[in-house]
Amino acid sequence: MQSSQLDFFPILMQMLLAIVFVAAIIIISGKLGPKRSSSVKDANFECGVESLGNARIPFSVKYFLVAILFVLFDVEVIFLYPWAINFKELGMEGMVKMVIFMLLLLIGFFYIIKKKALEWE
């Protein structure tokens, strides 16, 4: 099946319409919205609490390690969804490959537990 550039015209028009709509809403709301500035409104805050001290405090490496491990295992679990959808078509070969995949995941998980990477001190 051949496709021409004309086939992509509706997609281009929809993208252009979306961009123009978003830009128009931002511009209109900036022009029509209230402009009441005060020292209280201009003060920095985070989560409704006044900030105290320097914002550049060092974080523990454990925080970043747990975050990276979470993302790693979360991405690994994403690979289970396509396998579950195509379970019948993959047959026994797909089952063996997924068992190997899960074993490698469990080995990594038990390694992390052994190294106490998820424990806070």
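How far apart are the end C-alpha atoms over residues 6-28, and what percentage of the chain there is helix and strand?

1. Residues 6-28. The end C-alpha atoms of this stretch are 33 Å apart, and the chain over it is 87% helix and 0% strand. The model is a predicted one, and the points below should be read with that in mind.

2. Record annotation. The unreviewed UniProt entry lists residues 6-28, 63-83 and 95-113 under "transmembrane region". Over residues 63-83 the model has 95% helix and 0% strand, with 32 Å between the end C-alpha atoms.

3. Span of helix 5. Helix 5 covers residues 87-114, which is 28 residues. A straight helix would reach 40 Å at 1.5 Å a residue, but the end C-alpha atoms of helix 5 are only 33 Å apart.

4. Kink. Helix 5 also has a kink of about 75°, centred on E93.

5. Packing of helix 5. Which residues of helix 5 are buried? They are G94, M98, L105 and I112. The buried residues of this helix pack against helix 3, residues 61-78, and helix 4, residues 80-85.

6. After helix 5. K116 follows helix 5 and has a positive phi, near 55°.

7. Aromatic pairs. How many aromatic pairs does the structure hold? There are five. One of them is formed by Y63 and F64: the ring centres are 5.4 Å apart and the planes lie at 80°, so the pair is edge-to-face. The cut-off behind that label is an angle of over 60 degrees between the planes. Y63 has a relative accessible area of 44% and is partly exposed. F64, at 43% relative accessibility, also counts as partly exposed.

8. F73 and F109. These two residues form another edge-to-face aromatic pair, with 5.9 Å from centre to centre and 85° between the planes. F73 is in helix 3 and F109 in helix 5, 36 residues apart, so the pair links distant parts of the chain. F109 counts as partly exposed, at 34% relative accessibility; buried would require under 20%.

9. Ring cluster. Which residues do ring pairs link into a cluster? The cluster consists of F73, F109 and F110.

Methods:
Residues are numbered from 1 along each chain as its sequence is written. This is a predicted model: local features need pLDDT of at least 70, side-chain atom pairs count only at pLDDT 80 or more; totals for chains, interfaces and linings use all residues. Side-chain values use heavy atoms; hydrogens and water are left out. Helices (H or I, at least four residues) and strands (E, at least two) are DSSP runs, numbered from the N terminus. The expected span of a helix is 1.5 Å times one less than its number of residues. The bend at a residue is the angle between axes fitted to the seven residues ending there and the seven starting there. Buried means under 20% relative accessible area, exposed over 50%, partly exposed in between (1.4 Å probe, protein chains only). Contact means heavy atoms within 4.5 Å. Rings of Phe, Tyr and Trp (its six-membered ring) pair if their centres lie within 6.5 Å; planes under 30 degrees apart count as stacked, over 60 as edge-to-face and the rest as tilted. UniProt positions are given in the numbering used here, feature names are shortened, and annotations may be inferred rather than shown by experiment.
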